[in-house]
Amino acid sequence: MTTPQHSTAASAEEAMQGRETHARRSCGPDRGVKAGVWTERMLSALVNGVKGGKWFSLIDKVFAPATLMLAWTKVRANKGAAGVDGQSVKRFAAKADVYLLELSTALREGTYRPQAVKRVEIPKGDGRTRPLGIPTVKDRIVQQAVRLVIEPIFEHEFAEASYGFRPGRGCHDALREVDRLVKVGYVHVVDADLEAYFSSIPHEALMARIEARISDGRVLDLIRGWLTADILNGLERWTPTQGSPQGAVISPLLANIYLDPLDRLLADHGYRMVRYADDFVILCRAREEALAALDIVRAWTDEAGLKLHPAKTHVGDCRLPGQGFEFLGYRFEAGRRLVRKKSLAKLKDSIRAKTARNRGDSLKAVIADLNPMLRGWFGYFKQAHPATFTALDGFVRRRLRSMLLKQKKKSHFGIGTLISKTWPNAYFADLGLFTLKTAWASARQSRSG
């Protein structure tokens, strides 16, 4: 089997530099620990280890009023729709103290039972849909409480390659690491996609990995209950035999727990992997290394009861046109960091919806509606190639000019240069329209200064 080779000792050191710096900054033993949930004794045990490597007596931390209150605060901040019981976050908030006391009592006495999960289908933009599970507000609070208690146990051991849904880490961290590795020569990339990952996680294998660290039977029963909670989709109701609902509070942690052995396996073989939940890339210096890495992944996923998507998993040299890879909304190809086509299309659809020609609002109101969306989009995609911003700014202004023509009932007015002279770019700038290219230039100047 081919394993990664470094051309020089210096290149190996260069490849590790960013990872080690990040580790020193954000991988301390208290990552994921919330004040008031974990005691000093537990923190000490997290650092020094526990007998047999397993944690007992955790349920009392789950039903503690402080834990449930913190969990409720997080659920309330995330908002979200009502579950099968119809109780919204707003309705829960009206009697939160009473409901939290009821939950604490039920958990302490062992009478808590999860309700069914509401299934909704979210459009993906390509005609297909993605299933989303919506637990009840009460179940979301209990899941969050369990997550607050057990997350530090697993966070302490998670591999460095994982960035998704982890305290102190995020998309930009993952993208920076990918960008850094590409720049130092890791250009042969395995772009992998796990097909329907959240829906296909084997329950027993997942529970075995959780049980390797947790021995509190009541906490384990809670997790099993959520995994096997009935799914309600309209009039259909069934009990899942695999998977964890995408949308459940506990699911991202469970997903990371199940994939952590893959992260470690690839690290043990010397591969540079960057994973965000079920989306990951493996960056190598040679095509042979990338193909060998893909073989390792295939063997592991087969054994783990998972499946790689055949049409979305490939190996390419990202320096070459047509062989780039997509990761977290970006496309890395031919030395450029682009916005992937789906992300661009989604933004344009949103712009079209806000600039419909029959919209009766004033131009100032439309711009006020557009600006927060454009700012948020730029905040995420500001590392993209600047040509993207120039093109999108032009698209926005064309939509606004078309809307103005309709409002002024001048469809015969003409097109092209004449319209641009009537409503030049400066006209929209004076009204406060957020322009992506200007924001990019300003951000670039700030970085260079």
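Reply: On a 1 Å grid over the protein atoms alone, a cavity is a set of points where a 1.4 Å probe fits but cannot get out, and a pocket is an open set with protein on both sides within 12 Å along at least five of seven lines; lining residues have an atom within 4 Å of a point. Grid points are joined across faces, edges and corners, and a volume is the space filled by probe spheres set on the points. Before the case itself, please note that this is a predicted model, in which local features need pLDDT of at least 70 and side-chain atom pairs count only at pLDDT 80 or more, while totals for chains, interfaces and linings use all residues. Residues are numbered from 1 along each chain as its sequence is written, and side-chain values use heavy atoms, with hydrogens and water left out.

Me: How many cavities of 30 Å³ or more does the structure hold?

Reply: There are two cavities of 30 Å³ or more. The largest cavity has a volume of about 70 Å³. Its lining comprises 15 residues, and those closest to the centre are Val117, Gln143, Trp226, Pro245 and Ala248.

Me: Which helices supply at least two residues each to the lining of the largest cavity?

Reply: Helices (H or I, at least four residues) and strands (E, at least two) are DSSP runs, numbered from the N terminus. Helix H7 (137–155) and helix H11 (217–227) each supply at least two residues of that lining. H11 provides the largest share, three residues. For the chain as a whole, the secondary structure comes to 19 helices and eleven strands.

Me: What is the volume of the largest pocket, and which residues lie nearest its centre?

Reply: The largest pocket holds about 1,900 Å³ of space. It is lined by 48 residues, with Lys124, Arg130, Asp193, Asp279 and Arg340 nearest the centre. Among the elements that give two or more residues to this lining are E1, E2, E3 and helix H12 (251–268). H14 gives the most, with seven residues.

Me: How should I read the pairing of strands?

Reply: Strands of a sheet pair through backbone hydrogen bonds, either parallel or antiparallel. Here, two strands pair if DSSP finds at least two bridges between them. Ile122 has Arg130 of E2 as its bridge partner.

Me: What is the order of the open sheet of three strands?

Reply: The order is E9-E10-E11, and the pairing is antiparallel. Strand E9 (325–327) and strand E11 (336–339) are the edge strands. From one strand to the next, the twist averages 30°; axes are lines fitted to C-alpha atoms, for helices over the stretch in contact, and angles run from 0 to 180 degrees between N-to-C directions. Three bridges join E9 to strand E10 (residues 330–333), and Glu326 stands opposite Arg331 in E10.

Me: Why is strand E3 described as largely enclosed by the rest of the structure?

Reply: Buried means under 20% relative accessible area, exposed over 50%, partly exposed in between (1.4 Å probe, protein chains only). Strand E3 (residues 188–193) is largely enclosed because five of its six residues are buried. E3 is joined to strand E7 (residues 279–284) by six bridges in an antiparallel arrangement, with Asp191 opposite Val281 in E7. E3 also pairs with E8 in the antiparallel sense, over four bridges.

Me: Is Asp317 buried or exposed, and which residues does it touch?

Reply: Asp317 lies in strand E8 (residues 314–317) and is buried, with a relative accessible area of 9%. Contact means heavy atoms within 4.5 Å. Not counting residues up to four places away in sequence, Asp317 touches Val187, His188 and Gln323. Asp317 is also the bridge partner of His188.

Me: Where is the pLDDT below 50?

Reply: pLDDT is the predictor's confidence in each residue, from 0 to 100. The chain averages a pLDDT of 90, and 89% of the residues score at least 70. Over residues 5–30, however, the pLDDT is below 50. Where pLDDT is low, the predicted coordinates should not be read in detail.
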